[in-house]
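Subject: Structure handover

Dear colleague,

Please find the structure below, with the sequence. My notes on what was found in it follow.

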Amino acid sequence: MTQPLVECEGLVHIYKTAELEVVALQGLDLRVESGEMVAIAGRSGSGKTTLMNLLAGVEPPSAGAARVAGHDLARMDDRERDRYRREVVGYLLQHSLANLALDLTVIQNVQVPMIAGGPRRRGSRARKLLEKLGLGGQARLRPAQLTGAEAQRLALAVALANEPRLLLADEPTAELDGASARDLLDDLTSLLRNLGTAAIMVTHDQQLERHVDRVIQIRDGRTSTEKRWLARPNGDRQVADELVILDRAGRLQLPRAHVEKLGLRDRVRVHLEDDSIRITPAEPSPDADS
Ligand SMILES: Nc1ncnc2c1ncn2[C@@H]1O[C@H](COP(=O)(O)OP(=O)(O)O)[C@@H](O)[C@H]1O
Ligand SMILES: [Mg+2]
């Protein structure tokens, strides 16, 4: 069996300020395979950016296990951390301009992360990457001369400059209008698939959910529902998986979203077949006592 590219188990992260401790992640589990594309969804404050910072090697987790491409994120020394951040992951921060050096040209920005790798073909690799992201004509401009969508494409080029195994992107389409967001996602996902690069992208964007293999919902610093697309001859269908607790009396608490989606209330039908149980609304029948 091959190792997953990303493996987090019981990941905990606590921010300590003078007065206060904030538990941002409380026992999060996550596995991502090489080349897989995953979206992370969840309310504001649920710990999404914290997870991205930990996976990017910005800081070590407070507790729990996190491993990416053979690196133990809880136990890296500074040297390994630098190498990890330069070679293994590309991180697109939430605000695109924060990723860019404003006094450098577009193409120089893409070359900055390549510097440690030596001068070999830096110029031509940067140019190719810009072309793939539709910025071939803007190489000599400065970031301030780009539109918001172009700046975001440039930030992606910078994040992908060293061909990382894993791209991390925090709300990559949040600052874009619908059409620019769609174009960016089309180009980005085909580029990632061509490169075989895995990606974890934080999103509120339903469009992005359609572009990835799985959507993982974080609630209160833990992973909860997982949705993925099943290819079906008569149209793709989204399925959702979630672990819930079954108590000794056989009671289980269904996720509220599922209950609402199916309009379940009072009585439901529980249908056992082979090794699974289906829960459906109990059809109203005329002689049922209500
Ligand atoms: N540097 C920090 N110091 C203290 N608390 C923080 C810090 N960063 C985030 N938090 C808190 O941690 C929780 C998770 O935040 P965050 O990871 O940014 O969530 P999200 O990206 O899902 O909105 C929030 O309660 C937030 O206020
Ligand atoms: Mg955030």
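Glu163 is partly exposed, with 13 other C-beta atoms within 10 Å; a residue is buried if 20 or more other C-beta atoms lie within 10 Å of its own, exposed if 12 or fewer, and partly exposed in between, with C-beta atoms placed from the backbone. This is a predicted model, in which local features need pLDDT of at least 70 and side-chain atom pairs count only at pLDDT 80 or more, while totals for chains, interfaces and linings use all residues. Residues are numbered from 1 along each chain as its sequence is written, and chains are lettered from A and ligands numbered from 1 in the order in which they are written.

Positive phi

Glu163 sits in the loop between helix 5 and strand 7; helices (H or I, at least four residues) and strands (E, at least two) are DSSP runs, numbered from the N terminus. The phi of Glu163 is positive, near 45°, and the residue is not a glycine. Most residues other than glycine have a negative phi. Asp220, also not a glycine, has a positive phi of about 50°. Its place is the loop between strand 9 (214-219) and strand 10 (222-230). Asp220 counts as partly exposed because it has 16 C-beta neighbours inside 10 Å.

The chain overall

The protein chain holds 8 helices and 13 strands. Its C-alpha trace spans about 80 × 45 × 45 Å along the principal axes. Of the 290 residues, 33% are buried. Among contacts between residues at least 6 apart in sequence, 62% join residues at least 24 apart; two residues are in contact if their C-beta atoms, placed from the backbone, lie within 7 Å.

Helix 5 covers residues 148-159, and at 1.5 Å a residue its 12 residues should span 16 Å; the expected span is 1.5 Å times one less than the number of residues. The end C-alpha atoms are 17 Å apart, which agrees. Helix 5 is largely enclosed by the rest of the structure, because 10 of its 12 residues are buried. Among them are Arg153, Leu154, Leu156 and Ala157. The cover over the buried residues of helix 5 includes strand 6 (89-92), helix 3 (106-111), helix 4 (122-132), strand 7 (166-170) and helix 6 (178-195).

The largest nonpolar core has 65 residues; such a core is a set of buried Ala, Val, Leu, Ile, Met, Phe, Trp, Tyr and Cys residues joined through C-beta atoms within 7 Å. Helix 5 gives the most to this core, with 7 residues. Ile40, Leu55, Ala157 and Leu168 have the most contacts inside the core. Leaving aside residues up to four places away in sequence, Ala157 touches Val110, Leu129, Leu130, Leu133 and Leu135.

An open sheet is formed by 4 strands in the order 2-1-4-5, with antiparallel pairing; two strands pair if DSSP finds at least two bridges between them. Strand 2 and strand 5 (71-72) are the edge strands, each pairing on one side only. Strand 1 (residues 6-16) and strand 2 pair over 9 bridges, and Ile14 has Val23 in strand 2 as its bridge partner. These two strands form a hairpin with 4 residues between them. Strand 1 is joined to strand 4 by 5 bridges, with Val6 opposite Val68. Strand 4 (residues 63-68) pairs with strand 5 over 2 bridges, where Val68 stands opposite His71.

The ligand

Which elements each supply at least two residues of the shell around ligand 1? They are strand 2 (21-32) and helix 1 (48-55); a residue is near the ligand if its C-beta atom, placed from the backbone, lies within 6 Å of it. Helix 1 gives the most, with 3 residues. The residues around ligand 1 include Tyr15, Thr17, Val22, Gly45, Lys48 and Thr49. By class, the shell has 3 nonpolar, 8 polar and 1 charged residues; Ala, Val, Leu, Ile, Met, Phe, Trp, Tyr, Cys and Pro count as nonpolar, Asp, Glu, Lys and Arg as charged, and the others, Gly among them, as polar.

The last hairpin

Strand 12 (residues 268-273) and strand 13 run antiparallel, joined by 6 bridges. Val268 stands opposite Pro281. The hairpin has 2 residues between the strands, and Asp274 in the turn has a positive phi of about 50°.

Regards
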